[in-house]
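Open your viewer and get ready to click through a few selections. Each stop below tells you what to pick and what you will find there.

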Amino acid sequence: MPSAEQLRNKFIEKIKELFQVDRSDLDFGIYRILRQKHSDIIGYLEKRLPEKVLQELSSREHASIEDIKSELAKAEDQARKLGVDPATVPKVIELRDKYSAGNSGQSEDESELYSRLYTFFSRYYDKGDFLSRPRYKGNTYAIPYDGEEVKLHWANADQYYIKSSEYFRDYRFTLSNGRTVLFKLVEAGTAVNNVKDKDRRFRLAVGHVIKTTDEEGEEIEEDVVPVAIENGELVARFIYVPSEEKQTELCLSANKAIQDFVANSAEGEPFREIADLRPTEKKKERTLLEQKLADYTERNTCDYFIHKNLGAFLRRELDFFIKSEVMNLDDIQNVGSFQPLEKRLRLVQAMRSIAHDLIDFLAQLEDFQKKLWLKKKFVVETNWCITLDRVPKELYAEIARNKKQYEEWEKLGFINTESNDRETAEWLKKNPFLVLDTKFFPEDFKAKLLASIPNLDEQTDGLLIHSENFQALNLLQERYREQVKCIYID
């Protein structure tokens with residue numbers, strides 16, 4: 001069986017994954033949040049968490065041992081008063097066994113505690129998100145049910161879907177001599193509002209400049225050092241940008257640059273192992289570095305979700321997990337004495353205390369993300385498309401002088417360039433069904449136009465919104481409540 005230390009390290013690595021501390025130290029979105037929290041998270045996991053586990057186990061165990069010790073002393077004293085050798089009394093023998101077992105069982109309890117915590121937290125986590133997968137036993141699932149006549153349930157019922165996106169992380173591997181190599185992402189860009197643009201690739205940050213701030217808060221530009229040896233570690237810095245080159249070609253360029261640096265650097269000797277061959281059937285000359293570069297640059301896309309109430313969900317599941325799998329209530333009839341139940345109960349108390357701490361920590365991050373997601377977004381621009389027959393005639397002269405509107409009509413094929421008299425109010429009157437777009441006009445013109453149309457909202461027969469879907473639906477919810485009979489979403 002693995003030692004308590006091994007199980008603790010395994011559990012801490014899982015919790016680091018849950019807290020996403022392996023993600024790149026980037027400066028946008030959730031990466032910015034994790035960047036601020038990183039040192040607190042690491043300090044908690046590596047120092048305060050083990051201390052709290054030992055404190056919980058020892059305090060509860062100590063209280064139990066003191067109770068047993070007190071009960072044992074009374075039993076021995078009673079036996080002596082009766083003139084009986086305490087060593088021959090069954091009650092005394094039982095208490096002595098319990099006292100001895102209590103003094104020697106903490107390491108075993110610590111191992112089981114970490115093992116149980118690992119099982120619980122890893123069960124509800126997959127690729128960056130917590131999934132609502134309540135389990136009854138083994139692979140049998142249970143769902144929260146309040147007695148409704150019909151209950152519809154899906155795995156992400158309690159979560160907001162954000163989008164499919166890249167999962168960025170730094171990548172570190174260790175050589176046989178104990179030295180480490182780090183691939184660090186220093187800048188990345190992603191498509192906004194799910195708009196497709198050029199394919200993005202990982203590229204070594206050769207000749208790249210990033211913007212940062214100095215101690216006084218002033219923005220400065222800083223040259224990125226693509227490859228360096230820092231604190232005994234070989235560091236290669238990458239950026240994730242649109243590129244016409246294939247990723248395999250960029251990996252070959254990065255491989256050559258890093259290999260050349262190691263070969264020509266006075267400090268590069270301990271890292272020569274990166275040039276050792278790791279051949280495959282198709283690539284006989286593949287090196288260790290090429291293998292690691294391929295692993296690092298492999299695109300990691302995943303769907304992102306935010307749980308609506310992660311703290312309450314995990315606490316409910318923890319209670320269910322303890323009742324069904326830790327306490328083993330189904331086997332309670334087979335228990336010969338109460339000693340195993342007392343020991344199990346102390347373990348449960350320690351487990352709930354530690355788990356609630358972790359759940360609170362996780363819920364803080366998730367709730368902050370939810371707060372950002374639900375925050376109402378600004379409407380940055382609003383425009384109207386109106387046919388000329390609805391526009392007051394006194395505005396025609398100003399429309400006739402607007403070259404951008406005419407260029408738009410030409411671009412859309414509504415008019416041709418052959419007419420010489422089109423930029424007049426009279427010509428506009430002859431073309432009453434041309435569509436005017438207010439984005440080409442100043443705000444005062446737009447205000448006069450909209451004020452001239454009675455019941456504007458009722459006359460509007462089309463609405464186009466450029467937005468993230470969830471935010472757009474929230475914006476429209478109040479205005480169109482109970483007015484939409486059918487909606488088609490592709």
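Which backbone oxygen does the side chain of R201 reach? Select R201 and E245 together: the side chain of R201 comes to 3.1 Å from the backbone oxygen of E245. That falls under the term polar contact, a pair of N or O atoms within 3.5 Å in which, within protein, one must be able to donate a hydrogen and the other to accept it, and residues adjacent in sequence count only if both atoms are side-chain atoms.

Before you click on, a word on the model. It is predicted, so local features need pLDDT of at least 70 and side-chain atom pairs count only at pLDDT 80 or more, while totals for chains, interfaces and linings use all residues. Residues are numbered from 1 along each chain as its sequence is written, and side-chain values use heavy atoms, with hydrogens and water left out.

**Stop 1: around R201**

Keep R201 selected and colour by secondary structure. R201 sits in strand 8, residues 200-204; helices (H or I, at least four residues) and strands (E, at least two) are DSSP runs, numbered from the N terminus. R201 is buried, because its relative accessible area is 18% and buried means under 20%, exposed over 50%, and partly exposed in between (1.4 Å probe, protein chains only).

Now show the neighbours. Leaving aside residues up to four places away in sequence, R201 touches I239, Y240, V241, S243, E245, K246, Q247 and L250, where contact means heavy atoms within 4.5 Å.

**Stop 2: the whole chain**

Zoom out. The protein chain has 14 helices and 15 strands, and buried residues make up 38% of its 490 residues. Among its contacts with a separation of 6 or more, 70% come from residues 24 or more positions apart. The chain exposes about 30,700 Å², and carbon and sulfur atoms supply 49% of that area; accessible areas come from the Shrake-Rupley method with a 1.4 Å probe, and for residues only the protein chains shown count as cover.

**Stop 3**

Select W384, in the loop between helix 8 (339-374) and strand 14 (385-387). W384 is partly exposed, at 23% relative accessibility. Its partners, not counting residues up to four places away in sequence, are L436, D437, T438, L450, L456 and T460.

L463 belongs to the loop between helix 13 (456-459) and helix 14 (469-477). Is L463 buried or exposed? L463 is exposed, at 54% relative accessibility.

**Stop 3: salt bridges**

Side chains of opposite charge can pair when their charged atoms come close. A salt bridge here is a side-chain nitrogen of Lys or Arg within 4 Å of a carboxyl oxygen of Asp or Glu, and the count comes to 17 salt bridges.

- D457 and R479: the closest N and O atoms are 2.7 Å apart. This pair links distant parts of the chain, with D457 in helix 13 and R479 in the segment after helix 14, 22 residues apart. D457 is partly exposed at 43%, and R479 is partly exposed at 34%.
- K448 and E398: the side chains meet at 4.0 Å, N to O. Here too distant parts are linked, K448 in helix 12 (residues 443-451) and E398 in helix 9 (residues 396-400), 50 residues apart.
- E269 and R272: the closest N and O atoms are 3.1 Å apart. E269 is exposed at 53%, whereas R272 is partly exposed at 35%.

**Stop 4: cysteines**

How many disulfides are there? The count is zero, taking a disulfide as a pair of cysteine sulfur atoms within 2.5 Å. Select C251, which is buried at 13% relative accessibility, and then C385, which is exposed at 58%.
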